[in-house]
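This briefing covers the fold, the strand pairing, the nonpolar core and a few individual residues of one protein. Please read it alongside the sequence and the model.

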Amino acid sequence: DIGTNLTGPGGPDGFNIGGAKGGGARAAGGIGGGSRSRWGWYAGQVQKTIAEAVRKNPQLRKAVLSAQVRIWADSSGRVTKVTLAKSTGDPAMDEILTTQTLRGLRLAEAPPQGMPMPITLKLTARRPQ
């Protein structure tokens, strides 16, 4: 299940992507405090794309993980840089998440003009039950 409640905690550009019932990724949180923020509509687009990318990666789909990542997207919506603010605790999983899953990912839309980067995301996933 993917939720898109944009009222979660976080800094001015924070997300919270957490585990969903039955496993996979659930998106919640927002940029600037919710859907009424200047960037809230874009937050929903990014959340959906990131949740789908995590779910489609066979190694992450079944993983139990918690991490915080920062992503930078270029003017075309391509993720050009990914750094870890908080590791999963597993260097191999960190590499799969950052390099194989997020770096190079094409977001549904380009970031709006003037949107601050990076976008910070908290990722939490658990095994399907």
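A residue counts as buried when its relative accessible area is under 20%. By that criterion, 46% of the 129 residues of the protein are buried. The model is a predicted one. Its secondary structure consists of three helices and five strands, arranged along the sequence as β-β-α-α-β-β-α-β.

**Overall fold and surface**

- Among the contacts in the protein with a separation of 6 or more, 63% join residues 24 or more positions apart.
- The protein has an accessible surface of about 6600 Å², and carbon and sulfur atoms contribute 48% of that area.

**Strand pairing around strand 3**

- Strand 3, residues 65-73, pairs with strand 4, residues 79-86, in the antiparallel sense over six bridges.
- Within this pairing, Arg70 lies opposite Thr83 of strand 4, and Trp72 lies opposite Lys81 of strand 4.
- The hairpin of strand 3 and strand 4 has five residues between the strands, and Gly77 in this hairpin adopts a positive phi near 95°.
- Strand 3 also pairs with strand 5, again in the antiparallel sense, over seven bridges.
- Ser66 has Thr124 of strand 5 as its bridge partner.
- The covered face of strand 3 is formed by Leu65, Ala67, Val69, Ile71 and Ala73, whereas Ser66, Gln68, Arg70 and Trp72 form the uncovered face.

**Nonpolar core**

- In soluble globular proteins, nonpolar side chains tend to be buried together.
- The largest nonpolar core here holds 26 residues, and the members that touch the most others are Ile50, Val69, Ile71, Leu102 and Leu123.
- Helix 1 (40-56), strand 3, strand 4, helix 3 (91-102) and strand 5 each provide at least two residues of this core.
- Which residues does Leu102 touch, not counting residues up to four places away in sequence? The list is Ile50, Val69, Ile71, Val79, Val82, Leu97 and Leu123.
- Two residues in that list, Val69 and Ile71, belong to the covered face of strand 3.

**Thr124 in strand 5**

- Thr124 is located in strand 5, which spans residues 119-125.
- Thr124 and Val64 are 60 residues apart in sequence, yet their C-alpha atoms are 7.6 Å apart in space.

**Asp94 in helix 3**

- Asp94 is part of helix 3.
- Although Asp94 is buried, it has no salt bridge.
- The nearest side chain of opposite charge belongs to Lys86, 9.9 Å away from Asp94; a salt bridge would require a side-chain nitrogen within 4 Å of a carboxyl oxygen.
- Not counting residues up to four places away in sequence, Asp94 touches Leu84, Ser87, Thr88 and Gly89.

**Trp41 in helix 1**

- Trp41 belongs to helix 1.
- Trp41 has a relative accessibility of 42%, so it counts as partly exposed.
- Leaving aside neighbours within four places in sequence, Trp41 makes contact with Glu109 and Pro112.
- Trp41 and Pro112 are 71 residues apart along the chain, with their C-alpha atoms separated by 10.0 Å.

Definitions and conventions: Residues are numbered from 1 along each chain as its sequence is written. This is a predicted model: local features need pLDDT of at least 70, side-chain atom pairs count only at pLDDT 80 or more; totals for chains, interfaces and linings use all residues. Side-chain values use heavy atoms; hydrogens and water are left out. Helices (H or I, at least four residues) and strands (E, at least two) are DSSP runs, numbered from the N terminus. Two strands pair if DSSP finds at least two bridges between them. A nonpolar core is a set of buried Ala, Val, Leu, Ile, Met, Phe, Trp, Tyr and Cys residues joined through side-chain atoms within 4.5 Å. Buried means under 20% relative accessible area, exposed over 50%, partly exposed in between (1.4 Å probe, protein chains only). Contact means heavy atoms within 4.5 Å. Accessible areas come from the Shrake-Rupley method with a 1.4 Å probe; for residues, only the protein chains shown count as cover. Lys and Arg count as positive and Asp and Glu as negative; His and the chain ends are not counted.
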